[in-house]
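Visitor: I am new to this structure and would like to learn how to read it, feature by feature. Could we begin with the terms and then turn to the case itself?

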Amino acid sequence: MTDNRAPDLDAAFAALADPTRRAILARLVQGEATVQDLARPFAISQPAVSRHLKVLEDAGLIETRVAGTARPRRLNPEAVAALWDWLGQYRALWEARYARLDAVLAEMQDQPEREPGHDDQTDT
């Protein structure tokens, strides 16, 4: 059973708010894994891991495949791309703002320092 739904950004970011779920996603970057594989590094029960997987699946971040009696999970690359695209809009905005700030700071550094109280208009 593979789920190719587009991710709901609110659900995806809510799912990412939990460190266990982020760790599960980090593990799935390496490749698909079963619930047993995913539960191994955590000091929580397998049903608890399954609940985390349900949240991630409902958010569209992971997919489940049926392989005989196993149901390995894997990242949904479309969901990750959608998150990246959304974040990328803000990254571009902030990069442009930092570039303008860098230009202003560079311009300020190129100007000679003035003594306090010095006014250019009084020099004429």
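Guide: Let us begin with contact, which means heavy atoms within 4.5 Å. The model before you is predicted, and in it the buried residues of H4 pack against helix H1 (9–16), helix H2 (19–28), helix H3 (35–39), strand S1 (62–64) and strand S2 (73–75).

Visitor: Which residues of H4 are the buried ones?

Guide: Buried means under 20% relative accessible area. In H4 the residues that fall in this class are Ala48, Val49, His52, Leu53, Leu56 and Glu57. The helix itself covers residues 46–58, and its 13 residues reach 18 Å from the first C-alpha to the last, close to the 18 Å expected at 1.5 Å a residue.

Visitor: What is the overall order of helices and strands along the protein chain?

Guide: The protein chain has five helices and two strands, and reading along the sequence gives the pattern α-α-α-α-β-β-α. Of the 124 residues in the chain, 26% are buried. Among contacts with a separation of 6 or more, 56% are between residues 24 or more positions apart.

Visitor: Where do the buried residues of H2 lie around its axis?

Guide: The buried residues of H2 are Thr20, Arg21, Ile24, Leu25 and Leu28. They cover an arc of only 140° around the axis, so they sit on the same side of H2. These buried residues pack against H1, H3, H4, S1 and S2. At the start of H2, a side-chain oxygen of aspartate 18 comes to within 2.8 Å of the backbone nitrogen of threonine 20.

Visitor: How should I read the angle at which H2 and H4 pack?

Guide: Angles of 65 to 115 degrees count as roughly perpendicular. H2 and H4 pack at about 80°, with their axes 10 Å apart, and the two helices are therefore roughly perpendicular to each other. Where they meet, Thr20, Arg21, Ile24 and Leu25 come from H2, while Val49, His52, Leu53, Val55 and Leu56 come from H4.

Visitor: What is the angle between H1 and H5?

Guide: H1 and helix H5, which covers residues 77–110, pack at an angle of about 95°, with their axes 11 Å apart. That angle makes H1 roughly perpendicular to H5. In this pairing, Leu9, Ala12, Phe13 and Leu16 of H1 meet Ala82, Leu83, Trp86 and Leu87 of H5.

Visitor: How many residues does H5 have, and what is found at its start?

Guide: H5 has 34 residues and reaches 47 Å from its first C-alpha to its last, close to the 50 Å expected at 1.5 Å a residue. At its start, a side-chain oxygen of asparagine 76 lies within 3.1 Å of the backbone nitrogen of glutamate 78.

Visitor: Let us finish with the loop between H4 and S1: is alanine 59 buried or exposed there?

Guide: Alanine 59, whose place is in that loop between H4 and S1, counts as buried because its relative accessibility is 2%. Although alanine 59 and alanine 11 are 48 residues apart in sequence, their C-alpha atoms are 4.9 Å apart in space. Just after H4, too, glycine 60 takes a positive phi of about 85°.

Note on methods. Residues numbered from 1 in each chain as written. Predicted model: local features only at pLDDT ≥ 70, side-chain atom pairs only at ≥ 80, totals over all residues. Heavy atoms only, no water. Helix = DSSP H or I, 4+ residues; strand = E, 2+ residues; numbered from the N terminus. Expected span 1.5 Å × (residues − 1). Buried < 20%, exposed > 50% of the residue type's maximum accessible area, 1.4 Å probe, protein only. Arc of directions from axis to C-beta. Polar contact = N/O pair within 3.5 Å; in protein donor to acceptor, adjacent residues only side chain to side chain. Axes fitted to C-alpha atoms, helices over the stretch in contact; angles between N-to-C directions. Parallel < 35°, antiparallel > 145°, perpendicular 65-115°, else oblique.
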